[in-house]
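Here is a short briefing to read with the model open beside you. Take a look at the structure, then work through the topics one at a time.

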Amino acid sequence: MTVEQKTRRVTLDNGLNVIVRESHRVPVVSFWIWYRVGARNEPRGQTGISHWVEHMLFKGTPDYQPGEIFRTINKFGGTLNGFTSLDFTAYFETLPNTQLELAVSIESDRMQNAIFDPDEFERERTVILSEREGMENNPSFHLREEMLGAAFRAHPYGQGVIGFESDLKALTRDELYKHYQTYYTPRNSTAVIVGAVDADEAIAMIDRHFGKIAPGPDVPVVRTVEPAQEAERRVTVRRPAPAAQMSLAWHSPNATNPDSPAMEVLDTILSGGKGIGLGSGGGMGRSARLYRALVSSGLCSSASSGYSTSIDPNLFSISATLLPDTSHEQVESVVFEQVRDLRDGQVPESELNRAIKQIRAQFAYATESVTHQGYWLGSMATVAPEIDPDEYLEQVASVTADDVQRVAGDYLKDGCYTLGWLIPEQPGGGSEDDTGAEVAALMNRPQFYTDGNPSETVSGAPRTKLHIDERTLSNNTRLLANHDSSSEAAVVELRIPAGSTLDGDTPGLARLTGQMLTRGSENMTFEQLNEELDSLGAALGVSTSREYVDVSIQCLREDVGRLIELMADFVLNPTFPEDELERVRAQSLNQLRRALDDTRAEASHRLRTMLYPAGHPLHHRAIGSEETLRSISRAQLVEFHRNTWTANGAIFAVAGGADPENVAELIEDAFRQWTPVDNPTRIRVDPVSAPDSQRRETGSIVGKSQADIAIGLPAIERSHPDYEALRMANLILGRLGLMGRLGANVRDTQGLAYYAFSDLSAGLTYGRWSAQAGVNPENVDRAIEAVMHEVQRLREELVDPEELADGKSFMIGSLPIGLESSGAIVGTMLQIAWYDLGLDYVERLPERVGEVTAEQVQQAARKWLDPDRMAIAVVGP
């Protein structure tokens, strides 16, 4: 792939490495600072110290009070976070390009002036212990921790990132501050800027803010080299879990090793192309070897692999989540057979080319986002500074079948691996949307300062105007398009009003129909579809929500015509094969078992059942129940598809590098036979009232460490006149800055939880407000009291003018961030069309937001957020 952006690399006199890449697609910039310190640099007895230091950099400097950095960046519509991995700690701000100097000044300030206040330090101890307890609620975490400890006998990679509980309870403030002074220095860091900037001006700005900082001391060298593993090692974890999981790991080369590109290709051959950056692309690998051997065969609900690019040699891992009737011996046998095939025989040229194109496509998808580019450039500069990231894709493209066979033989050796099993002691584990097989993905996942930084991104345009070309097609469906000729990617999405509110008396019917859609058409089998998608580096996905189902394609723009043909074929001509139905049924039952053992998912479900009576379309889980999942027949899927998957109310949206005129012609041709029907099924959700008085229900799940709290009540639909005022109230209450007032109270002030936030979901005919927190069981009552206190304060006191202004600035300033990628643009256009907001919604939003008053916010809170009528669900150990 040719990288068109202008990239500059310089080193300041104090040793700070600086990378600036110009990307002028949207007026957005992402600023990153990378420190070469992580779990790799932690001595025994101080595990978790790097991650804890990362947390403390959000707790204040002489210029910024605790929580103020989040509020300041959010005020201009920006998003930010920090995270720690085995090799590095990184911080980033993505915000309008006019505010770049704000981000640079913040990072230069906390590189040298973080306070590490003793009281804040102690409060954060509880937060981090809560974070670990939340991880312990996932059975996969225990398998991962045991696997790392067994695979690494000497090297600190075996310690993981979060830290051991005993160390977290014993670490001192002075130990953290010394760690900070040692590693947070210019000579041990890299600054990255990607976005709509002038490279020379950006470098000068970095020099102004960072150039006067002393280089810092020499960084201690990590001397330990992991001895070669010459024997099989096995671990078995027995604890409550929904399904058995296997994890298998070999030691693998580091990022600078010439074999690294071949290992990336080998990984893709086994389980498909992975997203680049903080998450982009996806949906690949269903023609890959592990999926075909383990999932398509009906042995497992999911299977994956992962190669860790790191400073020192790390692990190549394979994971699988078993279906109930599958034996451990079967899975081990199949996995080892797949590995032997790679060692003993050459990969066919077609399979090699398919893997390389997937990697190329993932790079193309990632380069649409300045945030993803900043991650890629910074991580590579940290773990492999001598490798040019712009040349890495060329190295991958030059990998041969001989190279793949050679690295499989050199690294994936018989008898030189670590194999772990998670053995369920009783049914349980995960969330409704969790696909299992997380261990490979979790093996080197970084720890973030916030749980996904839940500050909402307001739908809008990166400019003062979002150009939307709308037309009505011959079958009366709508098509909305936005064109960006600089993008190599194309995204097309179709929204149909066929969500789970139409399940009727068969919960899970809509979701299962969506899951089955791509399992076979009149013209193509599931296997043939997967082969073609992976050969194109493309994805075709189906996502079912309460109101609608979205069918989406993501591909390189050169392939958009073929992907639209495939979309039409499976939307119009699905066959719902019986054998595939049984496979999907088994996988869905596994996912349901995971939901039943996840405290967060179970608390949310209990809240829903408390708010909506049995039979109401929002009462049940979208995934369904075990009874309905076992009983749904092919005939029911066919009937549901025939009655609800009609052209009535359907909307197409397209964005990226594909020409809109051409796409319109392609959709017209492919969907010509799809016509509206008389008397279509309509979405109807009867309104419900909040409980007459506050209600509380509790539940418990064996084997957990953390309790999850869900508080809520019914709210308003998207078109309600109070919506903007209530959205502002919710933003201030539980999202602005570090999770709003709830985060400030529950996390920052009291140190009770890793996360505490609120959410306002509003559909066509219904709405719901909720607040969630994950806390130690001993702190449940205090956390609930804190949430109620903040809700009541919002009702009794007018919002401070500065706080209201910050909320408005965030909503307006976040417009550029909202449309970094083609997928984000498509999502925004669909929301505009679905809720009939008007094509000028983006242009009108600043005016609408600006009109919201403190009195309206208070009135909305008084009307719709009554603590005395809230339902409270608590699920814990």
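**A helix across a sheet**

Helix α21 (residues 599-611) lies across β19, β20, β21, β22 and β23 (871-876), and runs at about 150° to β23. Helices (H or I, at least four residues) and strands (E, at least two) are DSSP runs, numbered from the N terminus. For the angle, axes are lines fitted to C-alpha atoms, for helices over the stretch in contact (heavy atoms within 4.5 Å), and angles run from 0 to 180 degrees between N-to-C directions.

This is a predicted model: local features need pLDDT of at least 70, side-chain atom pairs count only at pLDDT 80 or more, and totals for chains, interfaces and linings use all residues. Residues are numbered from 1 along each chain as its sequence is written, and side-chain values use heavy atoms, with hydrogens and water left out.

**The five-stranded sheet**

- Five strands make up an open sheet with mixed pairing, in the order β19-β23-β20-β22-β21; two strands pair if DSSP finds at least two bridges between them.
- At the edges sit β19 and β21 (753-762), each pairing on one side only.
- Neighbouring strands here are turned by 15° against each other on average, direction ignored.
- β20 and strand β22 (residues 767-775) run antiparallel and are joined by eight bridges; G712 has S770 in β22 as its bridge partner.

- G703 is found in the loop between β19 (695-700) and β20 (707-714).
- Along the sequence G703 and P240 are 463 residues apart, yet in space they are 5.8 Å apart, C-alpha to C-alpha.
- If you leave aside neighbours within four places in sequence, G703 is in contact with E136, R239 and P240.

**Strand β10 and its partners**

- Strand β10 (residues 314-322) is mostly covered, with nine of its nine residues buried.
- A hairpin of six residues joins β9 to β10.

**Nonpolar cores**

- The largest nonpolar core has 90 residues, and V265, L294 and I318 touch the most other members; such a core is a set of buried Ala, Val, Leu, Ile, Met, Phe, Trp, Tyr and Cys residues joined through side-chain atoms within 4.5 Å.
- Helix α13 (residues 370-383) gives the largest share of this core, seven residues.
- Apart from this core lies another of 86 residues, including A710 and L742.

**Rings and charges**

- The model has 30 aromatic pairs, counted when rings of Phe, Tyr and Trp (its six-membered ring) have centres within 6.5 Å; planes under 30 degrees apart are stacked, over 60 edge-to-face, and the rest tilted.
- F58 and Y91 form a tilted pair, 5.9 Å centre to centre with 45° between the planes.
- F58 is buried at a relative accessible area of 2%, and Y91 is buried at 0%.
- R110 lies over the face of F58, 4.5 Å from the ring centre (NZ of Lys or CZ of Arg must be within 6 Å of the ring centre and within 35 degrees of the ring normal).

Terms used. Buried < 20%, exposed > 50% of the residue type's maximum accessible area, 1.4 Å probe, protein only.
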